[in-house]
Amino acid sequence: MSTPETPPPADASAAPPPPAERPTGLRAYSELGVCGLLLAVGVLVLVDAVTMETVASVRGPVGPRTVPLIVGTALLVVAVLLAVDVLRGGRGEAEGGEDVDLSEPGDWRTVALLAGVFLAFAALIDPLGFPLSGALLFWGSAYALGSRTHTLTRDPLIAAGLSVATYVLFHTLLGVQLPGGPLMGVV
């Protein structure tokens, strides 16, 4: 009995694609850093939960330690399982976004601008209050992330409106006391 011949491929000269490159050196085990971070956070959560002062007669059957103990234990388990997977050769999937060029370096200018905006917000929230420092936070974040409007009125007005709306929502409706600053009597 004869077997039918398979026709040659359309482009016989085309070689198969090379196998995906395996990372070497530190890149091969860089995911262990995530394992270490998860492990450190898990230990911190467990230590805080164990050293938490509670009164047994007031807390009831499920006290304030229950959820931190569960979360801390889960973090430790995930850290160990991820470390075992990485050491056995498992790797995370590379980002496959069509609009992401993985060969380009990171945009450190944007990261630095956002970090500066957040630090300025943290430093200014007490003296200026949330409405003003929040407006600076929203405006600075929009600028750092690429908003380049030709007028200097649209972004600051949107930022101010968003900040005041957030302040009113949290302060008035939810009862979260945010610092009002010099606008305390106005808002």
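This is a predicted model: local features need pLDDT of at least 70, side-chain atom pairs count only at pLDDT 80 or more; totals for chains, interfaces and linings use all residues.
Visitor: What span should α5 have, and how far apart are its end C-alpha atoms?

Guide: The expected span follows from 1.5 Å times one less than the number of residues. Helix α5 covers residues 130-144, which is 15 residues, so it should span 21 Å. Its end C-alpha atoms are 20 Å apart, in agreement with that.

Visitor: What happens just after α5?

Guide: Gly 146 takes a positive phi there, about 115°.

Visitor: Is Ser 141 buried or exposed?

Guide: The cut-off for buried is under 20% relative accessible area. Ser 141, a residue of helix α5, has 14%, so it counts as buried.

Visitor: Which residues is Ser 141 in contact with, leaving aside its neighbours within four places in sequence?

Guide: Leu 114 and Val 117.

Visitor: Is Leu 87 buried or exposed?

Guide: Exposed means over 50%. Leu 87 has a relative accessibility of 55%, so it is exposed. This residue lies in helix α3, residues 66-87.

Visitor: How far apart are Leu 87 and Glu 31 in sequence and in space?

Guide: Sequence separation and spatial distance are read separately. Leu 87 and Glu 31 are 56 residues apart in sequence, and their C-alpha atoms are 9.6 Å apart in space.

Technical notes. Residues are numbered from 1 along each chain as its sequence is written. Side-chain values use heavy atoms; hydrogens and water are left out. Helices (H or I, at least four residues) and strands (E, at least two) are DSSP runs, numbered from the N terminus. Buried means under 20% relative accessible area, exposed over 50%, partly exposed in between (1.4 Å probe, protein chains only). Contact means heavy atoms within 4.5 Å.
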